[in-house]
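Dear colleague,

I am handing over the structure below, and after it I set out what was found. Please read the notes alongside the coordinates.

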Amino acid sequence: MTGVERHADSGLADGLERLWTPHRMTYISGEDRPEGGYEKPTGCPFCLAPGRPAEESLVVARGEHVFAVLNLYPYNPGHLLVCPYRHVADYTELDAPETAELAVFTKAAMRVVRQVSSAHGFNLGMNQGGVAGAGIAAHLHQHVVPRWGGDANFMPVIGRTKVLPQLLTDTRDLFAKVWPA
């Protein structure tokens, strides 16, 4: 049967086409996790990112206490993370200057995404702890997820796949150009 796969369990056709996204398996399986995990700064991608070239790290903007970086596994195109440089897990561990700059960067991220890609709205949030959904619970990060009317189309609902129309490095370059100094 062309275009239709069989269930491994039953061998019966399920009638669904498949759009494969094998790059996500690295994230799902955790095979890119450092040997010691993310708990220590030496294995934490948010601690390592600011020291890497922008094209490799996907860092969009740097402040005194926080930085903005594109999510390597975005929910939507332009999904940014605002992270403190300091390796802290909980929002209550931020000091006053870190908290203030995190808020400023979150607002700047929203303005930049609106300017570059005309987002209609945003989901903002922090998943505090693994049980709350944090993939990297050891290093606090604020999600800035752009949303558009109709963006919850059939691909994620039926195909369980997101379509990203642009390379992350190209998105980073666009955002970095308009990020306020």
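Throughout, contact means heavy atoms within 4.5 Å, and helices (H or I, at least four residues) and strands (E, at least two) are DSSP runs, numbered from the N terminus. This is a predicted model, in which local features need pLDDT of at least 70 and side-chain atom pairs count only at pLDDT 80 or more, whereas totals for chains, interfaces and linings use all residues. Residues are numbered from 1 along each chain as its sequence is written, and side-chain values use heavy atoms, with hydrogens and water left out.

Of its 181 residues, 34% count as buried, where buried means under 20% relative accessible area, exposed over 50% and partly exposed in between (1.4 Å probe, protein chains only). Among contacts between residues at least 6 apart in sequence, 58% join residues at least 24 apart. The chain exposes about 10,700 Å², of which carbon and sulfur atoms supply 56%; accessible areas come from the Shrake-Rupley method with a 1.4 Å probe, and for residues only the protein chains shown count as cover.

Turning to the strands, S5 (residues 142-147) has 5 of its 6 residues buried, so it is largely enclosed by the rest of the structure. Strand S3 (residues 80-84) runs antiparallel to S5 and is joined to it by 3 bridges, with valine 82 having glutamine 142 as its bridge partner in S5. Strand S4 (residues 121-125) is likewise antiparallel to S5, through 5 bridges, and here glycine 121 stands opposite arginine 147. Two strands are taken to pair if DSSP finds at least two bridges between them.

Helix H4 (residues 96-117) has 22 residues and spans 32 Å from its first C-alpha to its last, close to the 32 Å expected at 1.5 Å a residue, the expected span being 1.5 Å times one less than the number of residues. At its start, a side-chain oxygen of aspartate 95 comes to within 2.9 Å of the backbone nitrogen of glutamate 98, and just after the helix serine 118 adopts a positive phi of about 55°. The buried residues of H4, among them Leu102, Phe105, Ala109 and Val113, pack against strands S1 (59-62) and S2 (66-70), against S3, S4 and S5, and against helix H6 (168-178).

The whole structure contains 2 aromatic pairs, a pair being rings of Phe, Tyr and Trp (its six-membered ring) whose centres lie within 6.5 Å, with planes under 30 degrees apart counted as stacked, over 60 as edge-to-face and the rest as tilted. Phenylalanine 105 and tryptophan 179 form a tilted pair, at 5.3 Å centre to centre and 50° between the planes. Because phenylalanine 105 lies in H4 and tryptophan 179 in the segment after H6, the pair ties together parts that are 74 residues apart in sequence. Phenylalanine 105 counts as buried at 7% relative accessibility, and tryptophan 179 is buried too, with a relative accessible area of 12%.

Proline 180, found in that segment after H6, counts as partly exposed at 47% relative accessibility. Proline 180 touches Ala108 and Val112, leaving aside residues up to four places away in sequence, and its C-alpha is separated by 9.5 Å from that of alanine 109, 71 residues away along the chain.

With best regards

How values were computed
A polar contact is a pair of N or O atoms within 3.5 Å; within protein, one must be able to donate a hydrogen and the other to accept it, and residues adjacent in sequence count only if both atoms are side-chain atoms.
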